[in-house]
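Please read the numbered points alongside the structure.

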Amino acid sequence: MTNDFSNEWKPQTALVHGGTQRSQFGETSEALYLTQGFIYESAEAAEARFKGEEPGFIYSRYANPTVDMFEKRMCALEGAEDARSMASGMAAVSAALLCSLKAGDHVVSARALFGSCRWVVETLMPRYGIEITLVDGKDMKAWEEAVRPNTKLFFLESPTNPTLEVCDIAAIAKLAESAGARLVVDNVFATPLQQKPLELGAHVVVYSATKHIDGQGRCLGGIVLSDKEWIDENLHDYFRHTGPSLSPFNAWTLLKGLETLPLRVRQQTETAGKVADFLAEHEKVSRVVYPGRKDHPQADIIARQMKGGSTLVCFDLKGGKEAAFAFENALSIIAISNNLGDAKSLVTHPATTTHKNLSTEAQAEAGIGAGTLRLSMGLEDSDDLIRDITQALNAA
């Protein structure tokens, strides 16, 4: 390639070509390097590579050519300097939060989190002497009042799982900066196409690549992206010595997923908007939350920080758990699952699955009721999905 203008590529181009490394065989698809280790030409070369004096790979737990391509492609999409990919989304979240903290540090976190994220923040961190304050992520005053002299980290997801609340990332990032803390954002629900936290001032962004990035129900994966200095000083050694690394095969699968990510997210978002509008008019639905609608409680923030809506819709049925279960059981196209961002449309009852470990009070604080359902829209025809939802609502 004689003229390299890859830094000017738009997302659709970067997701097909970004980070590609070809072997001497000139393969079209990215090569899959299924190897644990690597061979050195001499003892001196091995010493130089371990010292960091010579470039190259050492061990696939540290880095691997296929995994490296996935990380570089994600950096090109996200606008990040560096990244480390992990075996799952929760491995990525845990690494991003724990790698820079020690006993005596303080973390301020939004209260509305995915169930496992909430467990890491609320249960795991205090075991290691890390102090935690949970706040309403929508309330800037709550964030400000929670700051202490030992505050080192802010954490949030936006839009939230499952109620699609939105936090003001730019304002919270500015507050974190003034407090000498780092803001970590879980950006799964927005995808890197609809929202770029690093551009809004966040310091670290995490993804469960299992969701939209794979998006076809095939494998697990996660990734942490930030500036190179933070990764070198905090994440590098944690990653190297605790071993949450992504397998080369999963990295290859995720690379294939990235190629079609814009096409899938565009259609899923369009379908989600249609479904949200339909549900908002139905007599059995008491609440609809969708970032693409004007009646979203944080519509002004969404207009500033998101480039589109979401592939997910949250809504409440008037009949509570009984109606929600009857609705789920009556669906014929949409499948019951706790996953999201898939090519297949999926429905989740958070109170009894993804957020079941939260108390009733904590669920209520997060906006989760007995009749709350989360719809993840797939690639099916939107008219077919609305027909399926209609007959299921009739059953409910």
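1. The N-terminal end of helix 3 is capped by asparagine 64, a side-chain oxygen of which lies 2.9 Å from the backbone nitrogen of threonine 66. Helices here are DSSP runs of H or I with at least four residues, strands are runs of E with at least two, and both are numbered from the N terminus.

2. The model is predicted: local features need pLDDT of at least 70, side-chain atom pairs count only at pLDDT 80 or more, and totals for chains, interfaces and linings use all residues. Residues are numbered from 1 along each chain as its sequence is written, and side-chain values use heavy atoms, with hydrogens and water left out.

3. Helix 3 covers residues 65–78, and its 14 residues reach 20 Å from first C-alpha to last, close to the expected 20 Å (1.5 Å times one less than the number of residues). After helix 3 comes glycine 79, with a positive phi near 80°.

4. Helix 3 is largely enclosed by the rest of the structure, because 12 of its 14 residues are buried (under 20% relative accessible area, 1.4 Å probe, protein chains only). Among them are the charged-side-chain positions Asp68, Glu71, Arg73 and Glu78.

5. One cavity of 30 Å³ or more is found in the whole structure (on a 1 Å grid over the protein atoms alone, a set of points where a 1.4 Å probe fits but cannot get out; lining residues have an atom within 4 Å of a point). The largest cavity holds about 50 Å³, a volume being the space filled by probe spheres set on the points.

6. Helix 9 gives the most to this lining, with three residues.

Note on methods:
On a 1 Å grid over the protein atoms alone, a cavity is a set of points where a 1.4 Å probe fits but cannot get out, and a pocket is an open set with protein on both sides within 12 Å along at least five of seven lines; lining residues have an atom within 4 Å of a point. Buried means under 20% relative accessible area, exposed over 50%, partly exposed in between (1.4 Å probe, protein chains only). A polar contact is a pair of N or O atoms within 3.5 Å; within protein, one must be able to donate a hydrogen and the other to accept it, and residues adjacent in sequence count only if both atoms are side-chain atoms.
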